[in-house]
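Dear colleague,

Please find below the structure that I am handing over to you. A summary of the findings follows it.

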Amino acid sequence: MEILDNIPFPITTEEMLRRAHLTEADPETVTEVGELVEAAREVARPKACYDVAYVGEKTEATVTIGKTVFASRVLRVNLDSVERVFPYMATCGVELEEIKPTSQDMIVTYCLDIIKQASLSAATIHLQEHLTGKFALGQTSQMNPGSLEDWPITEQSKLFELLGNVEELAGVRLTDSCLMIPQKSVSGIIFPTEVKFQSCQLCPRSNCPSRSAPYNPQLSQAYRVGQ
Ligand code: SF4
């Protein structure tokens with residue numbers, strides 16, 4: 001497993017205020033947000049780790065990657081003609097968990113959440129650029145355990161097993177219910193693809209604020225999701 005832990009995180013107070021829609025905030029709030037950003041810039045260590053793995057045996061609804069058997073028909077179909085994949089984990093970093101806002105102000109707590117999200121984004125973007133450059137990848141897609149009923153969150157422990165000592169190297173641990181701590185972490189499998197795939201295309205959930213692609217019932221049928 002390779003760890004990327006020297007990832008730039010150049011967030012500024014102005015950027016933070018813009019992201020939090022606080023450009024009109026009162027001077028006291030601006031000062032508090034500025035102090036928070038300074039503290040975050042000092043300690044933040046966004047990180048990502050990944051491995052190179054090869055696709056093995058496939059059944060109707062499972063696919064073996066390395067020595068790990070994943071139970072997901074959608075993942076299996078997506079990897080039909082793929083040989084090499086990149087299991088990964090990216091995180092905002094445990095260091096940001098140590099920052100405790102001095103103020104009980106909800107806005108400051110909210111801003112800390114946005115800072116953690118920005119740190120996670122820095123890690124995922126850096127990882128994608130690293131993989132694209134190092135392995136000369138073209139278009140890629142990814143799947144994440146827990147994003148679809150077809151690939152439940154319980155499969156996260158298999159992904160961590162496949163990656164190896166994630167907690168020791170990147171500080172991210174799994175709870176008994178397979179959630180990652182810090183929460184602003186993401187894991188999944190990146191794979192080369194000719195047609196871009198997004199889990200949201202197969203997810204009928206309405207009013208999801210994080211939806212990144214429209215639900216596509218025909219595509220769901222093609223994957224035979226839930227059958
Ligand atoms: S629509 Fe929302 S819940 Fe469904 S896969 Fe996309 S982000 Fe997840």
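**The ligand and its surroundings**

The shell around the ligand is made up, by class, of 3 nonpolar, 3 polar and 2 charged residues. Please bear in mind that this is a predicted model. The residues that surround the ligand are Ser-147, Ser-199, Cys-200, Cys-203, Arg-205, Cys-208, Ser-210 and Arg-211.

In soluble globular proteins, nonpolar side chains tend to be buried together. Here, the largest nonpolar core comprises 48 residues, and Tyr-88, Met-89 and Ile-115 have the most contacts inside it. Helix H4 gives the most to this core, contributing 9 residues. If neighbours within four places in sequence are left aside, Tyr-88 is in contact with Ala-48, Cys-49, Tyr-50, Leu-127, Ser-187, Gly-188 and Ile-190.

**Helix H2**

Helix H2 covers residues 27-43, which makes 17 residues. From its first C-alpha to its last, H2 reaches 25 Å, close to the 24 Å expected at 1.5 Å a residue. Its buried residues are Val-33, Leu-36, Val-37 and Ala-40. Seen down the axis of H2, these buried residues fall within an arc of 100°, so they line one face of the helix. They pack against helix H1 (13-19) and helix H4 (106-134). The face of H2 that is turned away from the buried side carries the exposed residues Pro-27, Glu-28, Thr-31, Glu-38 and Glu-42.

**Helix H5**

In helix H5, which spans residues 156-163, the buried residues are Gln-156, Leu-159, Phe-160 and Leu-163. Viewed down the axis of H5, they fall within an arc of 100°, and they therefore line one face of the helix. The buried residues of H5 pack against several elements: strand S2 (47-50), strand S6 (84-91), helix H6 (166-170), strand S8 (173-174) and strand S10 (185-192). Gly-164 follows H5, and the phi of Gly-164 is positive, near 110°.

**A residue of helix H4**

Gln-117 is located in helix H4. Is Gln-117 buried or partly exposed? Gln-117 is partly exposed, because 13 other C-beta atoms lie within 10 Å, whereas a buried residue would need 20 or more and an exposed one 12 or fewer. Between Gln-117 and Val-77 there is a separation of 40 residues in sequence and of 31 Å in space, C-alpha to C-alpha.

With kind regards

Notes:
Residues numbered from 1 in each chain as written. Predicted model: local features only at pLDDT ≥ 70, side-chain atom pairs only at ≥ 80, totals over all residues. Helix = DSSP H or I, 4+ residues; strand = E, 2+ residues; numbered from the N terminus. Expected span 1.5 Å × (residues − 1). Arc of directions from axis to C-beta. Contact = placed C-beta atoms within 7 Å. Near = placed C-beta within 6 Å. Nonpolar A, V, L, I, M, F, W, Y, C, P; charged D, E, K, R; others polar. Core = buried A, V, L, I, M, F, W, Y, C linked by C-beta atoms within 7 Å.
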